[in-house]
Amino acid sequence: KVADHIVALDHMGTFKPQNLSNLLWAFAKSEVSQPQLFEKVADHIVGLDHLGAFDSRNLANILWSFAKVDVSHPLLFEKVADRIVTLDQLKAFKPQELANIVWAF
């Protein structure tokens with residue numbers, strides 16, 4: 001019911017990056033397939049002007065979650081990849097976060 005409620009929302013502007021990351025991670029970890037929810041979140045993220053508010057953990061968990069539930073969203077992965085390669089340094093990423101990102105691709 002939570003997923004259905006979120007999918008029915010007109011916009012997701014009140015969700016912070018950590019909220020989105022935690023939401024997707026929780027569904028992926030519980031292995032509950034909610035492709036409409038994942039699609040809505042991905043479309044929201046892709047529609048953002050930039051991903052500056054997303055930290056390394058948010059980015060890693062979002063990509064890991066999509067891969068874990070086998071939901072494809074190439075535009076999301078492209079946008080996150082573009083964000084990662086524009087960072088001055090990868091020091092912000094912990095080894096596990098980098099591993100999760102590589103695994104997700």
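These legends describe close-up views of a predicted model.

**View 1. Helix 4 from end to end.** Helix 4 covers residues 56-68, 13 residues in total. Its first and last C-alpha atoms lie 18 Å apart, close to the 18 Å expected at 1.5 Å a residue. Just after the helix comes aspartate 70, with a positive phi of about 60°.

**View 2. The surroundings of helix 4.** Ten of the 13 residues of helix 4 are buried, so the rest of the structure largely encloses this helix. The buried residues are Ser56, Asn58, Leu59, Ala60, Asn61, Ile62, Leu63, Trp64, Ser65 and Phe66. Which helices do the buried residues of helix 4 pack against? They pack against helix 2 (17-29), helix 3 (35-47), helix 5 (74-86) and helix 6 (95-104).

**View 3. The largest nonpolar core.** This core has 30 residues. Val41, Ile45 and Phe66 have the most contacts inside it. Two or more residues come from each of helix 1 (2-8), helix 2, helix 3, helix 4, helix 5 and helix 6. Helix 4 gives the largest share, six residues. Phe66, one of the residues with the most core contacts, is also among the buried residues of helix 4.

**View 4. Valine 41 and its contacts.** Setting aside neighbours within four places in sequence, valine 41 touches Met12, Leu20, Leu23 and Leu24.

**View 5. Histidine 44 in helix 3.** Histidine 44 belongs to helix 3. Is histidine 44 buried or exposed? Its relative accessible area is 18%. Buried means under 20%, so histidine 44 counts as buried. Leaving aside neighbours within four places in sequence, histidine 44 is in contact with Met12, Gly13 and Leu20. Met12 and Leu20 are also among the contacts of valine 41.

View 6. Glu97, Asn100, Ile101 and Ala104 are buried in helix 6. Seen down the helix axis, these buried residues fall within an arc of 100°, so they line one face of helix 6. An α-helix has 3.6 residues a turn, so residues three or four places apart point the same way. The buried residues of helix 6 pack against helix 4 and helix 5. On the face turned away from the buried side, helix 6 carries the exposed residues Pro95, Val102 and Trp103.

Terms used: Residues numbered from 1 in each chain as written. Predicted model: local features only at pLDDT ≥ 70, side-chain atom pairs only at ≥ 80, totals over all residues. Heavy atoms only, no water. Helix = DSSP H or I, 4+ residues; strand = E, 2+ residues; numbered from the N terminus. Expected span 1.5 Å × (residues − 1). Buried < 20%, exposed > 50% of the residue type's maximum accessible area, 1.4 Å probe, protein only. Contact = heavy atoms within 4.5 Å. Core = buried A, V, L, I, M, F, W, Y, C linked by side-chain atoms within 4.5 Å. Arc of directions from axis to C-beta.
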